[in-house]
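I opened my notebook to look up a few spots in this one. Here is what I wrote down as I went.

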Amino acid sequence: METTSYLLIAFVLFMILRKLFANRSPIPETSGKVFKIANAAEFDALLSSTTHVVVDFYADWCPPCRAIAPVFSELADQHSATGQLAFAKVNVDHVDNVASRYGVSAMPTFLFFRSGAPKGVAVENLAARQSIQLSADGRVERVRGADRGALQAVVQALAGQGGKE
């Protein structure tokens, strides 16, 4: 019984120390085409000036957010089009009012906007799975987690639309 108690205490201490020393440094942005949103006004201005916006809601302490960040930057480099398709990052710890406005509760979460409002994206041959939230008509409304394939498929669909519905 004593050994079990010591193992349990060691495990709890390990988890506390791990949380205390987690990497909380800002996730570096490698693309000049990703908007780093600092407040709600910046976010609203981007939504009103661009037809389609892909938004990465993230946190610096989130390992999956760190893992998907280079993929998001690469997609922005390949597909950004002024006024048509923009990519933005919202740190949920710093701009929490925007995150709460759209019900973001897991990181990373990717939302897709059209003409200033969240709007699902029609993506052919994308099978439903836990990380993908679909609307009633089968459109991808959001992607939760570092699902590279789903994110790439949605961005490809948006880029192929060229600003169309």
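This is a predicted model: local features need pLDDT of at least 70, side-chain atom pairs count only at pLDDT 80 or more; totals for chains, interfaces and linings use all residues.

**Helix α2**

I began with α2, which spans residues 40-49. Which of its residues are buried? I found Ala40, Phe43, Leu46 and Leu47 to be buried. Looking down the axis of α2, I saw these buried residues fall within an arc of 125°, so they line one face of the helix. I then checked the other side of α2, where Ala41 and Ser48 are exposed.

Next I asked what covers the buried residues of α2. The cover includes the strands β1 (34-37), β2 (52-58), β3 (85-91) and β4 (109-114), and also the helix α4 (96-101).

I also looked at the start of α2, where Asn39 has a side-chain oxygen within 3.1 Å of the backbone nitrogen of Ala41.

**Ser73**

I moved on to Ser73, which sits in helix α3 (residues 63-79). Is Ser73 buried or exposed? Its relative accessible area is 1% and the cut-off for buried is under 20%, so Ser73 is buried. Leaving out residues up to four places away in sequence, I listed Glu29, Thr30, Ser31 and Val34 as what Ser73 touches.

**Ser135**

My last stop was Ser135, in the loop between β6 (132-134) and β7 (140-144). Ser135 has 16% relative accessibility, so it counts as buried too. I noted a polar contact of 2.3 Å from the side chain of Ser135 to the side chain of Asp137.

Methods
Residues are numbered from 1 along each chain as its sequence is written. Side-chain values use heavy atoms; hydrogens and water are left out. Buried means under 20% relative accessible area, exposed over 50%, partly exposed in between (1.4 Å probe, protein chains only). Helices (H or I, at least four residues) and strands (E, at least two) are DSSP runs, numbered from the N terminus. The arc is that of the directions from the helix axis to the C-beta atoms. Contact means heavy atoms within 4.5 Å. A polar contact is a pair of N or O atoms within 3.5 Å; within protein, one must be able to donate a hydrogen and the other to accept it, and residues adjacent in sequence count only if both atoms are side-chain atoms.
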